[in-house]
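Thanks for coming. Please have a look at the sequence and the model on the screen before I start.

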Amino acid sequence: MLKEIAKVIKEGDASGNGMLLRMKLPSGIEIFGLPTENAYGGDWDLGPTWNYLVMLEKPFLVDTGRLGMGRTLMEMMKAVGMEGKDLDSVLISHGHEDHDGALAEMVERTGAKVKAHPVYDRLIRYYPENAPPDFRKGFPALCWRCFMPESFISENCLEYHRTRSRLKIEAVHEGKGELTGAVDVYHVPGHSPDALAMIIGGEAILVGDTVLPGISPWPTQEAFFHPLKEILSPDYRHPEEIFGLRAYIRSLKRLKEIGRKFGKLLVLPAHRLFYENQWNEVVLEKRVDELVEHHIQRCTAVLKIVRQKRKTARGIAQEHFDERQLKGYGILMAENEIVSHCELLEACGDIRTAGDHHYLATGTTNFESYIRSL
Ligand SMILES: [Zn+2]
Ligand SMILES: [Zn+2]
């Protein structure tokens, strides 16, 4: 479907950087793909962030790429015939820097409204009286459980958080007509607690980072919920509703159901639509099955390691991932990934924690049927 309706307006590099893509859905609705470059490379390379400009009566942009991408995006919009002043709003698929980094810049340049899930609105604010009593006091709630070191976030994130926290956000809830009549919005937490997916005209689905081709999106930890409990809406009472691998797998399964209901949907992911000189056409049901399978495999591997010897999340990560993936900040991402899996294994009784941050196997193997029943 992608090949039939997509037209490359401007060629980019092998990862898709610099490309401009025009898609015309069967109903006539136009969507432009505006990929902006990402900072990370090497073994954790995501490729550019695919921001999408949706040309409905009130045109809106989904995501803005990372900090500093405002000018590039303005040029891209201009190249497809869109003036900044005609942009009605910017919708944020989820609050990660590669998606909302240039949000404040775009608002400044276009005057567009900002729309996002209500959880996003809460997490980008500062709550010094609720924050952990260390350097994190100076960071918004979103960062209280960030696993990057202080040096990294102080250097890279301070200004971005400050300007972003001054923005006014219009809440977008799940439902039909939240944006316009032609858009259905779904709350799909897990990779991020505020993640949204949206169906445009019943023909295309923007899935953000929840479903990606070629790579498995990392899940959050349920543990992220606890320090945020007081500042989140009382609608969320349990961590697994919006955080962690369980929330993520539930969201994947919902997307699969949606895929079934709508039949043929053009799937537009926020990374790797085009990568290594190839188009990645995502079949929603198939990709969701692959991702769920991937997490079952990883739980199998984690449980196997813990059965041999009680281990910390870091110990499991060091044994499970290869050295290449553990280089630099890789170890922190790997550890996060392992904690998410251990939380699920603990929830279904297959492991338990000892007081000294070690995980022990209990002897049961409930996780597979548990994951399949989520
Ligand atoms: Zn993300
Ligand atoms: Zn991303």
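I will go through a metal site and then a pair of helices. Keep in mind that this is a predicted model.

Let us begin with the metal. Which residues coordinate the zinc ion (ligand 1)? They are His94 through NE2, His96 through ND1, His191 through NE2 and Asp209 through OD, at 2.1 to 2.3 Å. Along the sequence, these donor residues follow the spacing H-x1-H-x94-H-x17-D. The angles among the 4 donor atoms run from 91 to 167°, and the site is irregular. For reference, the ideal angle for four tetrahedral donors is 109.5 degrees.

The zinc ion (ligand 2) is 3.5 Å from the zinc ion (ligand 1), and aspartate 209 coordinates both. Distant parts of the chain are linked here: histidine 96 is in the loop between strand 6 (89–91) and helix 3 (97–100), while histidine 191 is in the loop between strand 10 (183–187) and strand 11 (196–200), 95 residues apart.

Now the helices. How do helix 10 and helix 11 cross? Helix 10 covers residues 284–308 and helix 11 covers residues 313–320; their axes come within 10 Å and cross at roughly 115°. Angles of 65 to 115 degrees count as roughly perpendicular, so that is the description for helix 10 and helix 11. The crossing is right-handed. On the helix 10 side, the contact is made by Arg298, Ala301, Val302, Ile305, Val306 and Gln308. Helix 11 contributes Ile316, Glu319 and His320.

That is what I have for today.

Methods. Residues are numbered from 1 along each chain as its sequence is written. Chains are lettered from A and ligands numbered from 1 in the order in which they are written. This is a predicted model: local features need pLDDT of at least 70, side-chain atom pairs count only at pLDDT 80 or more; totals for chains, interfaces and linings use all residues. Side-chain values use heavy atoms; hydrogens and water are left out. Donors are N, O and S atoms within 2.8 Å of the metal (3.2 Å for Na, K and Ca); water is not among the atoms, so sites may look incomplete. Four donors count as tetrahedral if all angles lie between 85 and 135 degrees; four count as square planar and six as octahedral if opposite donors are over 155 degrees apart and all others between 65 and 115; anything else is irregular. Helices (H or I, at least four residues) and strands (E, at least two) are DSSP runs, numbered from the N terminus. Axes are lines fitted to C-alpha atoms, for helices over the stretch in contact, and angles run from 0 to 180 degrees between N-to-C directions. Angles under 35 degrees count as roughly parallel, over 145 as roughly antiparallel, 65 to 115 as roughly perpendicular and the rest as oblique. A crossing is left-handed if the near helix is turned anticlockwise from the far one by less than a right angle, and right-handed if clockwise. Contact means heavy atoms within 4.5 Å.
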